[in-house]
Amino acid sequence: MARRSNISPYLLILFAFILIFSALYSQDLRCTLTLFPSDQQFSYGVVPVTTPESLAFAVGKRDGSCDIFSGKWVVDDRSSRPIYEESECPYIQPQLTCQEHGRPDRDYQHRRWKPHGCDLPSFNASLMLESLRGKRMLFVGDSLNRGQYVSLVCLLHRVIPERAKSMETFDSLTVFTAKEYNATIEFYWAPFLLESNSDNAVIHRVPDRIVRKGSINKHGKHWKGADLIVFNTYLWWMTGSNMKILRGSFEDEDKDIVELSAEDAYRMALKSMLKWVKRNMPRNRTRVFFTSMSPSHERSVDWGGEPGGNCYNETAPITDQTYWGSKTHKSIMQVTTEVLSESEFPITFLNITQLSEYRKDAHTSIYKKQWSPLTPEQLANPVSYADSTHWCLPGLQDTWNELLYAKLFFP
C-alpha cells in the first residue's frame, strides 16, 4: 500500500511557484540587489524596476505613450497647492519670495501641470529622502537651477526634524544635509559649466562674458562622487551677440580670444559636459539629468499683449498650446537635442521649456528684493525693472521637481 505524503498540497504549489519564479527572474533579482543595496529599506509598496537596463533609483514604470512634458495648466484644489507655503520654507532667497515683497495675487501658486492622457505621480518626500539615503544629489548651473534646487529643498525639508537638517554655503557650493539619512542635496554655481570670468558665486553680473574652452575639470573636480546630478546651462549664453571663447588660460598676459555664435559656443559646452559625465559617472549607480531652457517673458507682444509690456501684472498663463517663445529658444533647443542624442551615457532630458513658456504669470516681476535702490523713474514705470526671468517660490519650479521625481522613479 502506497504511503501518503505528509507534505501539504499548498506547500507543493508554493515550492513549484518559487522554482518557476527563480528560473524566470533570477537575473532580475540580481539587478535589483545591485541597484538597491541591502542597507536601504523601501516600505512604500512599490516594486523597483528589475530589468538589467534599469536606471538607478527607478521603482516603477509609466505608460510609455504618455509624454509628461506635453499638457496644460489647470487650476488645482486650493487645499493641495501650493505644496508648501512661502513662509514655511526658510531657504528661499529674498529674490524669490514674492508674497513677502507684496505680490497681491496667489493664483500662480495654485496651478497644476496636467499631461495629456495621464497624471504626474504625487511627490513623496519620504520616498525621495529614503532613496537618497547615504547619497549625494547635486544641481549644477546658474540661478535658475538654484531656484529648482531651493524648490526641492522646500519640498523635502518639511518631513525632516529641525535638529536633523542644515544648510551651509562654501564659496560656489551650497549644501543641504538631511542628517538622519546621511544624505546631501547640493547646488554648485557654474553658469557656463566651463570656467569663465563669471564664476564668482556672489559677484558675477559680468556684461563682457568670457568662457575658457576645454576647462570643465575646473568645476568638475567638485562634482565627482555625486550619485545624481541635475545640469542646467542656458541663460548666460544669451548675451545678444557672439560669445567670447578663451583659448589658453585666464592667467595669460596676452589672451587668445575668438568669438563663436551662441549656438556653437553652447554646443561646445554640452559636448564637454558629456565627456566629463562619461569619464566620471558610474553607469550602474548614478543618474544624470539635464534641464532644458527656462524661458523669459520680456515682450508681451509675443503672446498678443500690448507693446512695451512684459511679465508685469500678468496673472494668468498663456492658453494657446501652440505658443512657443523666441526663435533663440528653438535654435538652442535644437542644439541640445542634437548633442544629447549623441551621448553614450544615459541622460534624462527634463524638457521644461514649453510648459514654462505658458507661465508668463509665474515670474517674480517686481515682487522681490532689489539688488540696488530703484530710481524715481523706475518706480514710476514698474515694467522697467520687472524680472521676467526668475520664478516665484512656491510656484512653477515645484512642477519642474515633480517632473524630475516622475522621471527619477518612473522612467
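**Close-up views of a predicted model**

View 1. Residues are numbered from 1 along each chain as its sequence is written, and side-chain values use heavy atoms, with hydrogens and water left out. Because the model is predicted, local features need pLDDT of at least 70 and side-chain atom pairs count only at pLDDT 80 or more, while totals for chains, interfaces and linings use all residues.

View 2. Strand E3 (residues 136–141) and strand E8 (residues 228–231) run parallel and are joined by four bridges, and Leu138 has Ile229 in E8 as its bridge partner.

**View 3. Thr174 in strand E5.** Thr174, found in strand E5, has 15% relative accessibility and therefore counts as buried, a term that means under 20% relative accessible area, with exposed over 50% and partly exposed in between (1.4 Å probe, protein chains only). The side chain of Thr174 makes a polar contact with the side chain of Thr169 at 3.3 Å; such a contact is a pair of N or O atoms within 3.5 Å, where, within protein, one must be able to donate a hydrogen and the other to accept it, and residues adjacent in sequence count only if both atoms are side-chain atoms. When neighbours within four places in sequence are left aside, Thr174 is in contact (heavy atoms within 4.5 Å) with residues including Tyr149, Met167 and Ile185.

**View 4. The open sheet of three strands and Met243.** Another open sheet, of three strands, has the order E7-E9-E10 with mixed pairing. Strand E7 (210–212) and strand E10 (256–260) stand at its edges with a single partner strand each, so one side of each has no neighbour in the sheet. E7 pairs with strand E9 (residues 243–247) in the parallel sense over three bridges, and Arg212 stands opposite Leu246 in E9. Met243 has its place in strand E9 and, at 0% relative accessibility, counts as buried. Residues up to four places away in sequence not being counted, Met243 touches several residues, among them Phe192, Trp236, Trp237 and Val258.

**View 5. Asp398 in helix H9.** Asp398 lies in helix H9 (residues 396–409) and is buried yet has no salt bridge, the nearest side chain of opposite charge, Arg81, being 5.8 Å away. A salt bridge is a side-chain nitrogen of Lys or Arg within 4 Å of a carboxyl oxygen of Asp or Glu; Lys and Arg count as positive and Asp and Glu as negative, whereas His and the chain ends are not counted. The side chain of Asp398 does make a polar contact with the side chain of Tyr84 (2.7 Å), and the side chain of Asp398 also reaches the backbone nitrogen of Gly395 at 2.8 Å.

Note on methods. Helix = DSSP H or I, 4+ residues; strand = E, 2+ residues; numbered from the N terminus. Pairing = 2+ DSSP bridges.
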